[in-house]
Amino acid sequence: MLIGLDLSPGLPFVDAGDYFPGNPSSPKDAKALWELVDRKCAEEAHLSASTFPKNDNFKAHFRNQYPGETVTGDAFVGGAGRLREAEHRQRTNGVNPVSCFNLVGAAQVGKSSLTGMRLLNRLRGKVPVWPFDDVPLRGPLIVEIYTSIAARAAGMPKGRSKIRDGDTLNRMLANLGSEPHPSLERYDDHSTDAMLTAAWLRRAANDPALWSPRGLTPAIARTEGWTFGAI
């Protein structure tokens, strides 16, 4: 069972040699980062992680939304924020990821990424996560997905990755070798993204190149992870 999560399982590390440069308590690998986020947010229900980027030790690295204003921390780098190596690779492949230090705007994935880290910490030792863990011979495996990669593979033009009607979804599914879908009562980005990406994962899982992408080093696999399909 291949499980795709549309979130970042790690923060940028390689560019600065640290998640939170200048902070002596900054973790040194992704699993320690998961544990840190989970521990700091232990009082929040439903694995929410809204308090972490507001913590005095870390808030300088985030762009966050406060009542009535957007606050960009002093350590938030550049206009777009720091990116992981896999995200730089995605940009060369025609998709446009957003820094997970950015928690503002419709395109941000920082909030879900922090929540996802709490989830991944709870699953440690139970469900492996690629590339932090070895790929098992059988059973479940979690990978990071970026739905725009699946949309490109299905034939959606650059700049148009969202599907909001059944005919377009069926055409894209056919391009991936899948049968037409049962009609939905309502077409929204979440549903169509999920179906199209699941169809892509079923086919892409058999491509050895996607499991050994260019640029994925042991250090990156340990600290930042990698987006499945970014080659």
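**Cavities, pockets and a buried alanine**

Leu 5, Leu 7, Pro 9, Leu 120, Val 129, Trp 130, Ile 142, Val 143 and Glu 144 make up the lining of the second largest cavity in this predicted model. The space inside comes to about 40 Å³. Strand β4 (residues 141-144) gives the largest share of the lining, three residues.

The largest cavity holds about 80 Å³ of space, and 13 residues line it, with Leu 7, Ser 8, Val 109, Glu 144 and Tyr 146 the closest to its centre. Here the lining splits into six nonpolar, three polar and four charged residues. Leu 7 and Glu 144 turn up in the lining of the largest cavity and also in that of the second largest cavity.

Next come the pockets. The largest pocket contains about 620 Å³ of space. Its lining runs to 25 residues, and those that lie nearest the centre are Asp 6, Ala 107, Thr 147, Lys 162 and Asp 193. Three helices, α3 (110-123), α4 (147-154) and α6 (189-204), each put at least two residues into this lining. Of the elements involved, α6 contributes the largest share, with four residues. Sorted by class, the lining of the largest pocket has eight nonpolar, nine polar and eight charged residues.

The second largest pocket has about 150 Å³ of space. Around it sit Asn 93, Val 95, Ile 149, Arg 152, Trp 200, Ala 204, Asp 207, Leu 210, Gly 229 and Ile 231. Two or more of these lining residues come from each of α4 and α6, helices that also each supply at least two residues to the lining of the largest pocket. The class tally for the second largest pocket is six nonpolar, two polar and two charged.

Helix α2 (residues 85-92) is worth a look too. Its buried residues are Ala 86, Glu 87, Arg 89 and Gln 90. Viewed down the axis of α2, these buried residues fall within an arc of 155 degrees, so they line one face of the helix. An α-helix has 3.6 residues a turn, so residues three or four places apart point the same way. The cover over the buried residues of α2 includes α4. Just after α2, Gly 94 adopts a positive phi of about 95 degrees.

That brings in Ala 230, found in the segment after α8 (218-223). Is Ala 230 buried or exposed? With a relative accessibility of 0%, Ala 230 counts as buried, because the cut-off for buried is under 20%. Which residues are in contact with Ala 230, leaving aside its neighbours within four places in sequence? They are Ala 86, Arg 89, Gln 90, Asn 93, Ile 149 and Pro 213. Gly 105, in turn, is 125 residues away from Ala 230 in sequence, and their C-alpha atoms are 24 Å apart in space.

Conventions. Residues are numbered from 1 along each chain as its sequence is written. This is a predicted model: local features need pLDDT of at least 70, side-chain atom pairs count only at pLDDT 80 or more; totals for chains, interfaces and linings use all residues. Side-chain values use heavy atoms; hydrogens and water are left out. Buried means under 20% relative accessible area, exposed over 50%, partly exposed in between (1.4 Å probe, protein chains only). Contact means heavy atoms within 4.5 Å. On a 1 Å grid over the protein atoms alone, a cavity is a set of points where a 1.4 Å probe fits but cannot get out, and a pocket is an open set with protein on both sides within 12 Å along at least five of seven lines; lining residues have an atom within 4 Å of a point. Grid points are joined across faces, edges and corners, and a volume is the space filled by probe spheres set on the points. Ala, Val, Leu, Ile, Met, Phe, Trp, Tyr, Cys and Pro count as nonpolar, Asp, Glu, Lys and Arg as charged, and the others, Gly among them, as polar. The arc is that of the directions from the helix axis to the C-beta atoms.
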